[in-house]
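User: I want to learn how to read a protein model. Can you take me through it step by step?

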Amino acid sequence: MLDNRKIGELPEINGKLVKSIFRVVFHDRRLQYTEHQQLEGWRWNRPGDRILDIDIPMSVGIIDPRANPTQLNTVEFLWDPSKRTSVFIQVHCISTEFTMRKHGGEKGVPFRIQIDTFKENENGEYTEHLHSASCQIKVFKPKGADRKQKTDREKMEKRTPQEKEKYQPSYETTILTECSPWPEITYVNNAPSPGFNSSHSSFSIGEGNGSPNHQPEPPAPILDVNPTLTPIQNLLPTATPQEAQQWLHQNRFAAFSRLFTNFSGADLLKLTREDVIQICGPADGIRLFNALKGRLVRPRLTIYVCQESQQVREQQQQKHENGEPGSSTFFVYHAIYLEELTSIELTEKIAQLFSISPQQINQIYKQGPTGIHVLISDEMIQNFQDESCFVLDTMKAETSDSYHIILK
């Protein structure tokens, strides 16, 4: 850990401690999308173990090392930039533990070591970002690491000088490349540090010792979302990244919010169905795509109803008695969407449509052959044809102030 400030740069940290947070994250984009599930699976298979630890006896100049029991891949400590400081870290998982098939040997997924450093703010909390850097690593058991490095050397020796120019030369020391910080709300952690255990894993630094162009997607900041707020039904293209994050949280996509940290509403709406499924998996991907496109669940049954007024009935009856031809009357229908297909649901929907209490509806009948009134039951509703049309007639109940509804 070297202090590489220029003369006169950042004088406010002179004589003060800084905090560095070490993380082991996935380099492969495919695994970044499922990092939470991958780490939970590792935790399940290795109960009580950690992915990342500090080898305290080997380290020099580190102060107050901490490891959060809930963050298996993160450690942190304080150090004085003006004093000699070196930290030895242990990675307790090997690259082949996250491969689809357990090949062993040189087959394994690449990890990334990222270090974020912070200085104190006015409240004494280490939240002001100073520097971030990372490099790619692969971790193998000792024999696998030796075999991996030997194979890499042999591959490079077989390449032509022109092909070798595409790769960075090998160095005895890997200098981490500066990168964007890993956003996080709280860097102060008062959790007790678990014991640091020794590890027999060895490190193999890849051919490219610099940070590749693609940086891992950082976790999204925790948003202060009020659970009592009404969910935003449709995401607008004009939504800012902050509004898009709020939309994800309010629509039960908080688990994927870190993947879309810098996405605006327009960015999310441009994603294809295949894009979303690749990022979130089949189940949640389809759900997110439907939510982005504002697709509502199709109701199990739709019927159309209109209320035949007393005045219209009297006019039609008078014209019929006078022998006048019936003129076409304009009726306005309302759609009723049913999900449960029960008489209780139909009663509530009709009451809601006409702004009355469901208790004011005594019974609902359907006009059958020869004008008979058939009591509506759940089974009858389940046998309604979709998009059937009915004219509602009302009849006052004899024993109460409620009404009977007749579907004609």
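User: How many of the 408 residues count as buried?

Analyst: Buried means under 20% relative accessible area, exposed over 50%, and partly exposed in between (1.4 Å probe, protein chains only). Of the chain's 408 residues, 38% are buried. This is a predicted model: local features need pLDDT of at least 70, side-chain atom pairs count only at pLDDT 80 or more, and totals for chains, interfaces and linings use all residues. Residues are numbered from 1 along each chain as its sequence is written, and side-chain values use heavy atoms, with hydrogens and water left out.

User: What is the secondary structure of the chain?

Analyst: Helices (H or I, at least four residues) and strands (E, at least two) are DSSP runs, numbered from the N terminus. The chain has 11 helices and 15 strands.

User: How do α7 and α8 pack?

Analyst: Two packed helices are described by the angle between their axes and the distance between the axes. Axes are lines fitted to C-alpha atoms, for helices over the stretch in contact, and angles run from 0 to 180 degrees between N-to-C directions. Helix α7 (residues 273-280) meets helix α8 (residues 282-292) at about 140 degrees, with axes 7 Å apart. Therefore α7 is oblique to α8 (under 35 degrees is roughly parallel, over 145 roughly antiparallel, 65 to 115 roughly perpendicular, the rest oblique).

User: Where is T347, and is T347 buried or exposed?

Analyst: T347 sits in helix α10 (residues 343-353). T347 is buried, at 17% relative accessible area. Contact means heavy atoms within 4.5 Å. Leaving out residues up to four places away in sequence, T347 touches P358, I361 and I364.
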